[in-house]
Amino acid sequence: MIICGYAVVIINEALAEWLRITPIHANEEYRMAFLKKNSMDKSWFEQHLRGVTVSLDTDDLQNYGTDWSKVRDPAPTAVLFPQHAEQVQQIVVCARKYGLALVPSGGRTGLSGGAIAADGELVLSLERMRALEPVCQADATIRVQAGVVTATVQQQAAAAGLFYGVDFAAAGSSQIGGNIATNAGGIRVLRYGLTRDQILGLEAVTGTGELLQLNHGLIKNATGYDLRHLLIGSEGTLAVITAATLKLWPHPGERQVLLLALDSHQALVPLFIAARQALALSAFEFFTHNCVRHVCAHAGLAPPLQQAAKLYVLLECDAIADDHAAEFFEQVFDQGLVSDGVISQSQQHAQQLWQYRERISESIADLRPYKNDIAVRIAAVPQLLQQLDELVRRYYPDFEVLWYGHIGDGNIHMNVLRPESMQAADFKRQCEQVNEQVFACIQQLGGSISAEHGVGLLKQPWLHYSRSGTEIELMRQIKSLLDPDGIMNPGKLLSS
Ligand code: MLT
Ligand code: ZN
């Protein structure tokens, strides 16, 4: 056994040497053949990564090598399941030594391919790092390991009479580490901010294997560069996030939901302004009627209103008296902003109304839509919608396009469905051509080509529409400092 292990080490010194002179991804097939020929099997990993669970099981490789975007077929070499930060350090040090690429992996609910391992990488799954400390009432914080599921944090906060501000449809599967790596947004950003705004402390292992403890849960800390914010949203390209101290909010208590019908997208921003003045808003979401059709068919729901509307707004606010809600409705009805609506009568009713918005994504997932996740300042939303409408009429005359999103923070999701008669490859090509026009509009309005789903693989070719050449070059330099060997999620966010 010892001789055998020794032989493996020698062979892999040669592998390391080859990899040192051969950039990762230069010749994937050759690399894979090399790994195979040199018996880099389960026992090799177990020997080099003591205590770390390793899987080379085909189902695990398929499952952990992909995310909800499914933009490429998974083909990782192995899946690693560390249980604490020191094991993550051990993995990074080993990956550096042997030139193996790592893909940090959370709940894999991402929609831009940021967690896909399609080129023989090692998937570093955080799912066994699921410890939570008790809520700290004095600081109103909770410290969790990266693999804790978002919904678990929400439940723990609620059990302590507090509230976690980030929420979205994938909260039951997504993990905190992944949320931080993509700076996840969701439905209540207008009141609570992004994931970035909840992170008071961050623990991470850099691409050099160093363990960082950042900001220590402090509210005030004016001591220079805040590296915490550099790692938030870096999509696993600089470091592996291993734990975080999360900010909790006072529990908002009962909330009311209004689902309103609109005849034109021009009414969206005036309605938002009116609602923000009259109500204590926590969400202001919109969706078109075809979204409602898909949700009803998928979830077996009846339509929310007797008459179908062109557009719907779902707004959530702190509980209000019935006559105040009716007064607000009358006001916006008289202003010609809404034509119909329904006001939640109980918490259960409020949850039912949320389904028309929250279940859109899952209702179209099987149709593999081409997804756009774009943002502009709220003031520029009417102009953006006008320009996109013109582009859709021109370039997608026969395609079904679903619009939904978070008007309260300027984030619009434009999902294009493939006509049945069209080949998937032709569809993708056409959508990518239209992207150039869409992103040119975004650029001209100073917007973002990826508001909350991240850049990953999917949006990487268009990054320059949102970030200047100077910014991208600085990002590269920062990456080379924290990940000098280019092993951290290569090809994601920045081209390799
Ligand atoms: C949503 O707002 O529903 C999510 O971002 C998912 C999606 O865009 O499909
Ligand atoms: Zn969204």
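## The seven-stranded sheet

In this predicted model, seven strands form an open sheet. Their order is E14-E11-E13-E12-E16-E17-E15, and the pairing is antiparallel. Strands of a sheet pair through backbone hydrogen bonds, either parallel or antiparallel.

Which strands stand at the edges of the sheet? They are E14, residues 340-343, and E15, residues 370-375. Each has a single partner strand, so one side of each is left without a neighbour in the sheet. From one strand to the next, the twist averages 15°.

## One pair in the sheet

Take strands E12 and E13 as an example. E12 covers residues 281-288, and E13 covers residues 311-318. Seven bridges join them in the antiparallel sense. One residue pair can be picked out by name. Phe287 has Tyr312, in E13, as its bridge partner.

## Helices on the sheet

Helix H10 spans residues 268-278 and packs on the sheet. H10 touches E12, E13 and strand E11 (255-262). The direction of H10 makes about 160° with that of E12.

Helix H11, residues 289-299, also packs on the sheet. Which strands does H11 touch? They are E12, E13, E16 (400-406) and E17 (411-417). The direction of H11 makes about 95° with that of E16.

## Four domains

How is the protein divided? Domain 1 takes residues 2-128 together with 478-482. Domain 2 runs over 141-250, domain 3 over 255-361 and domain 4 over 368-465.

Now look at domains 2 and 3. Their C-alpha centres lie 30 Å apart. Seven residues from domain 2 and twelve residues from domain 3 take part in the contact.

## The second largest pocket

The second largest pocket holds about 660 Å³ of space. Its lining has 29 residues. Which of them lie nearest the centre of the pocket? They are Arg196, Gly233, Arg467, Met475 and Leu493.

What kinds of residue make up this lining? There are 13 nonpolar, ten polar and six charged residues. Helix H9 (227-231) and helix H17 (469-482) each supply at least two residues of the lining. H17 gives the most, with five residues. By domain, the lining draws at least three residues from domain 2 and at least three from domain 4.

Methods: Residues numbered from 1 in each chain as written. Chains lettered and ligands numbered in written order. Predicted model: local features only at pLDDT ≥ 70, side-chain atom pairs only at ≥ 80, totals over all residues. Heavy atoms only, no water. Pairing = 2+ DSSP bridges. Helix = DSSP H or I, 4+ residues; strand = E, 2+ residues; numbered from the N terminus. Axes fitted to C-alpha atoms, helices over the stretch in contact; angles between N-to-C directions. Contact = heavy atoms within 4.5 Å. 1 Å grid on protein atoms, 1.4 Å probe; cavity = no way out; pocket = protein on both sides within 12 Å on 5 of 7 lines; lining within 4 Å. Points joined across faces, edges and corners; volume = space filled by probe spheres on them. Nonpolar A, V, L, I, M, F, W, Y, C, P; charged D, E, K, R; others polar. Domains from an automatic or database assignment.
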